[in-house]
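Subject: Structure handover and notes

Dear colleague,

Here is the structure I said I would pass on, followed by my notes on what was found in it. Please read the notes with the model open beside them.

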Amino acid sequence: MTTVPTEINAAAIKNGAGEKHTPMMQQYLRLKADYPTMLLFYRMGDFYELFHDDAEKAARILGITLTARGASNGNPIRMCGIPFHSLDPYLAKLVKLGESCAICEQIGDPATSKGPVERKVMRVVTPGTLTDADLLPEKAERPLLAVCMISQRKVVTTGLAWLSLASGALKLMEFSGDSRTVGVRLQQELERIAPAEILRGDGADLFTDNEMAHTQRVPDWHFDVVGGHKALLDQLAVATLTGFGADGLGAAFGAAGALLRYAQATQGRGLQHVRSLTTETENEFIGLDAATRRNLELTETIRGQESPTLFSLLDHCRTAMGSRLLRHWLHHARRDQAVARARHAAIAALARSDASGALAATLGQVPDIERITTRIALLSARPRDLASLRDGLQQLPALRRSVQQSFAAGEASLLATIHAALATPDACLDLLVRAVMEEPAAMVRDGGVFARGFDAELDELRGLSENAGQFLVDLETRERARTGIANLRVEYNKVHGFYIEVTHGQTDKVPDDYRRRQTLKNAERYITPELKVFEDKALSAQDKALVREKLLYEQLLADLAPHIATLQTISQGLAQLDTLTALTGHALHHNWCAPQLVAEPTLDIREGRHPVVENQIERFIANDCCFSNERRLLLITGPNMGGKSTFMRQVALITLLAYIGSYVPAAAATIGPVDRIFTRIGATDDLAGGRSTFMVEMTESAAILNGATEHSLVLMDEVGRGTSTFDGLALAWAIARHLIDSSRSFTLFATHYFELTQLPESHPTAANVHLSAVEHKDSIVFLHAVQAGPASQSYGLQVAQLAGVPQGVIKAARKHLARLESQALDATPQLDLFALPCVEPDDQDDDAAPAAGSALLAALAAIDPDALTPREALDQLYQLKRLSA
C-alpha cells in the first residue's frame with residue numbers, strides 16, 4: 001500500500017494546496033506541520049486519535065490496533081486511538097522510550113461548529129519537561145539541559161543550562177579548553193547531571209548526540225548570548241545577575257535562552273515557579289566519573305538494578321522530596337567541609353533529642369509539596385493535589401515543635417534554618433481549608449471540588465440538584481395516589497432524563513396530561529409538564545454548578561500563585577529535614593559514627609565496614625585503613641574472593657558518606673581534603689564502541705593518571721591483567737610508580753603481581769597489606785581481615801575449585817603449575833625484573849642512554865671469542881661491565 005508521507009501532506013496544507021483532503025484532515029495536517037517530529041494526539045470525542053506515520057509508530061510501540069478508515073487525497077487514512085481518560089499510562093510509556101508528544105484538544109463547541117470543531121495543541125510532553133505525577137519517577141529528577149558551544153581561536157567555550165521543571169531549579173555552568181579537553185569534561189558533566197533531554201543547535205557540529213538522553217535539535221538563533229541574558233533577567237525579574245554569581249558568563253547565557261524558550265513553549269505558558277538561579281563551578285563538588293558511580297553502586301548496581309545500592313540502603317525518607325535530595329547528595333558531595341560538618345551536627349542534635357522517630361511519623365503524612373507547587377504554577381494541579389497540600393501544611397506546627405527540641409534558642413545551625421523555613425503560611429492554608437472539600441473529586445470536570453460555604457452561588461445551584469431526590473419521592477407518592485397505579489415509579493437516566501414508568505397492564509389508568517417519552521418491552525415511560533419544568537431546572541443547575549466550579553478553580557489557582565515562593569521554601573526545608581532524619585535513624589540503628597573532617601592530608605578509618613555488604617551477610621569483618629602524607633599507596637594482595645574489592649570500595653564509600661554529611665560505618669574516621677574519587681575496578685568490554693576489555697581498562701587508567709591530584713582517592717583493582725603477563729606487570733608497576741611519585745594520590749592498588757610488593761623497598765610512601773586466608777587440605781578459608789605485609793600466594797586453584805570447576809581440570813592445573821614453578825626456578829625468575837635497582841629512563845640523560853648502548857654493542861661486535869686467551873677474555877668482560885654501568 002502506497003501512501004503520501006504525512007510531512008508532505010502537512011507542507012501542502014500549509015501552502016494552501018489541500019483541496020483533495022477532507023476538512024478535518026486539513027485541520028489535522030495544519031496542526032501536525034507545527035510538530036513534525038512529535039506524535040500528535042488529536043482529540044475526537046472521547047478518544048485521542050493518531051494518523052498516518054504517527055499511527056503506525058504509536059501502534060507498534062504501544063501495542064494497540066492499527067486500522068485504516070476512509071481516504072484522504074486518494075489514500076487510506078491509517079489510524080489508531082486510545083480513550084481520553086487512559087492517556088497518561090500511554091504517555092508514560094512513550095516518554096520513557098524518549099518520544100515527544102503534542103496533545104491536541106477540542107476547544108470549540110461541536111453544537112455550534114459548522115465545520116470541524118476548533119482544536120488546539122494545549123500541551124507538549126517531552127522527556128525533559130514532565131510535571132505530571134503519573135509520568136515522573138517519584139524519587140528522581142528528569143532535568144532538561146541545553147548545550148551551547150562557542151569556538152574562538154582553537155578555544156572552545158561550553159555553556160550548560162539545565163532545569164528540573166518539576167521543582168523549578170535552574171542551574172548554569174561554563175568551562176573552556178581545547179576541543180578534546182572540553183569533550184571529556186562535557187561527558188563527565190552530562191553523566192553527573194543525567195539529563196532526560198538535551199537541546200542542541202542545528203549547526204552545533206562540536207557536540208555529538210549523547211546516548212544517555214533524548215537529543216532535540218533547535219534553531220541556532222535560539223542560543224543567542226545577548227537574548228539568553230535578557231531572558232534570564234526577565235524570568236528572574238531582576239536587573240542584574242551579579243547576585244547569582246553569573247557575571248562574566250557567555251555561552252551559558254546562550255544555553256539558558258534556548259532552554260527557557262523550549263520549556264515555555266512546551267508548557268504553553270510562563271514558568272512562574274522558576275524564581276532562582278544557581279551557578280555551579282568546577283571545584284564545587286567531589287569529582288566522580290561514570291566508572292566510579294557505576295563501580296561504587298551509588299544509585300544503581302553494576303547489573304543495572306535499583307537495589308541493593310547505597311541509595312536503597314539509606315533511603316528511609318518518608319517523602320519523595322527527601323528521597324530526591326538524598327539521591328542528589330550522593331552524586332553531588334560538596335568539597336566544602338563546612339557543609340558536611342553542619343549536617344553532621346544536625347544528625348548529632350537529632351540523635352541526642354531522640355526526635356527522629358516522631359519526625360519520621362509526621363513526615364509520613366506530608367505529600368510531595370515541591371511538585372504540587374510546580375503544578376499550581378503551571379495551572380495543571382488537580383483537586384486532590386490541593387487537598388494533599390492542605391493536609392501537608394497542617395503538619396508543619398508539629399514538625400517545628402519536634403525540630404525545636406533539637407537546638408538551643410538563638411543557635412545558628414542547620415536545624416535552626418530548617419525550623420525557620422517551616423513556618424506555616426497561614427493565608428495559604430486558610431484559603432485551602434475554606435475552599436477545598438475534605439475529599440474532593442479527582443477532576444474538576446466531575447464537580448464536587450469546593451467545600452460548602454465557600455461560594456454562595458455554587459451552594460444555591462447544588463441545592464437545586466441535591467433536593468431533586470426528595471422532590472422525586474414526593475412526586476411519586478402524589479402520582480400513585482392520583483392515578484391509583486401502585487407500582488408507578490419516577491426515575492432518571494442520563495439518556496432520557498426524568499420520567500414516570502408504568503407497566504403495560506396499568507397504562508389504561510394513565511391521566512391525559514402524561515406524554516409518552518419511551519416504549520419498553522414491559523412498560524411505558526412518560527413525562528408530565530410539572531416533571532418537565534423540574535427537569536429543565538435541575539439539569540440546568542447541575543450544568544451551571546460544573547461551570548461555576550471550573551471558574552472558581554481557575555481563580556483558586558490564581559489566588560495560590562503569590563504563595564509559590566513560600567511553598568518552595570517549605571518544600572526545601574522539608575526535604576532537608578526528611579533526609580537528615582533518615583540518615584539519623586540509619587546511623588543509630590547500625591551503630592555508625594560521626595567522621596572528623598580535617599584540613600591535613602589524611603584518611604584514617606578504624607574498623608570500617610562496607611555499608612551495603614554488611615547488611616547482606618551475617619557477620620562482616622571490619623578493617624582499618626590508614627593514609628597520611630608519609631603513606632600514600634597501599635599495595636593490596638591476597639586471594640580471589642578474599643575481599644580486596646570490598647575493602648577498596650568501602651574506603652571510597654566511607655569517604656563519600658562523610659562528605660555528603662552522613663555518619664559512616666566505622667568505629668572512628670578522620671578524613672582530610674578530597675577533590676576526586678577515581679575507580680578502576682572490574683573488567684568489561686565495549687563492543688558497540690569497538691573497545692576490548694584491555695582497551696577499556698587502559699582508557700579508565702589514563703583518565704585517572706591524567707586527572708588525579710594529591711587530594712584524590714584512587715582505587716585500582718588488578719591493573720594489567722587483560723594482556724600478556726610481562727606487559728601487564730610492566731604497566732601495573734609503571735602506573736603504581738606514577739601514582740606514588742607524580743600524582744601523590746591516596747591509592748588502594750590491588751594486584752596479583754607479587755613482584756609489585758617490592759615497590760615499598762624503593763618508594764617509602766608505599767606499603768604492603770593483604771587479605772588473609774588459610775588453606776585446609778585442598779580447600780581455602782577466607783578470613784577477610786586486612787593485615788600488614790604481602791600475601792604468600794593467590795590461591796587461584798582453590799577458588800576455581802569453590803566455583804565448581806571439574807576436579808579433573810583442577811588436577812591437571814596443579815600438575816602444570818608445579819611444572820611452571822620448577823621451570824621458573826631454573827630460568828631467570830620474573831623477580832629479576834625488579835630485583836636489581838635499575839635507573840629509570842626519565843632519570844637518565846636522554847642522549848646518554850642511546851650513546852652508552854651503542855658503545856656496548858660496538859664493543860661486543862669487536863670481540864672474537866675464538867681468538868681470546870683466558871686473560872684477554874677477563875679483561876674484555878671488565879670493559880663490558882664498565883660500559884654497561
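I begin with a pair of residues in one of the sheets: Ile605 has Ala669 of β22 as its bridge partner. Before going further, please keep in mind that this is a predicted model, in which local features need pLDDT of at least 70 and side-chain atom pairs count only at pLDDT 80 or more, whereas totals for chains, interfaces and linings use all residues. Residues are numbered from 1 along each chain as its sequence is written, and side-chain values use heavy atoms, with hydrogens and water left out.

The sheet around β22

Strands β19 and β22 run antiparallel and are joined by 4 bridges; strands here are DSSP runs of E with at least two residues, helices are runs of H or I with at least four, and both are numbered from the N terminus. Two strands count as paired if DSSP finds at least two bridges between them. The open sheet to which they belong has 4 strands in the order β18-β22-β19-β20, with mixed pairing. Its edges are β18 (596–597) and β20 (623–627), each of which has a single partner strand, so one side of each is left without a neighbour in the sheet. β18 and β22 run parallel and are joined by 2 bridges, with Leu597 partnered by Ile671 in β22. Strand β19 (residues 603–608) runs antiparallel to β20, to which 4 bridges join it, and Leu603 has Phe627 of β20 as its bridge partner. In β22 itself, Ala669 and Ile671 form the covered face, while Ala668 and Thr670 form the uncovered one.

Helix α23 lies across β18, β19, β20 and β22 (668–671), and runs at about 115° to β19; axes are lines fitted to C-alpha atoms, for helices over the stretch in contact, and angles run from 0 to 180 degrees between N-to-C directions. Ala658 lies in this helix and is buried, with a relative accessible area of 0% (buried means under 20%, exposed over 50% and partly exposed in between, with a 1.4 Å probe and protein chains only). Leaving aside neighbours within four places in sequence, Ala658 is in contact (heavy atoms within 4.5 Å) with Ala340, His344, Pro595, Leu597, Val664 and Ile671.

Nonpolar cores

A nonpolar core is taken here as a set of buried Ala, Val, Leu, Ile, Met, Phe, Trp, Tyr and Cys residues joined through side-chain atoms within 4.5 Å. The largest one has 106 residues, of which Leu314, Leu386, Leu393, Leu399, Leu574, Ile677 and Leu748 touch the most other members. Helix α23 (residues 644–660) contributes the largest share of this core, with 11 residues. Apart from it lies another core, of 45 residues, including Tyr28, Leu29, Cys148 and Ala251.

The six-stranded sheet

A further open sheet has 6 strands in the order β3-β4-β2-β1-β5-β6, again with mixed pairing. Here β3 (67–72) and β6 (119–125) stand at the edges with a single partner strand each, so one side of each is left without a neighbour in the sheet. On average, neighbouring strands of this sheet are turned by 35° against each other, direction ignored. Strand β2 (residues 47–51) pairs with β4 (residues 75–83) in the antiparallel sense over 5 bridges, and Glu49 has Gly81 of β4 as its bridge partner. Helix α2 (residues 23–33) packs on the sheet, touching β1 (39–44), β2, β3, β4, β5 (101–106) and β6, and its direction makes about 145° with that of β1.

Backbone points to check

Ser307 and Pro308 are joined by a cis peptide bond, with omega about 0°, and Pro308 is found in the loop between α8 (290–295) and α9 (310–314). Leu379, which is not a glycine, has a positive phi near 60°; Leu379 sits in the loop between α13 (369–377) and α14 and is partly exposed, with a relative accessible area of 45%. His784 also has a positive phi, of about 60°, although it is not a glycine; His784 lies in strand β27 (residues 779–788) and counts as partly exposed at 32% relative accessibility.

With best regards
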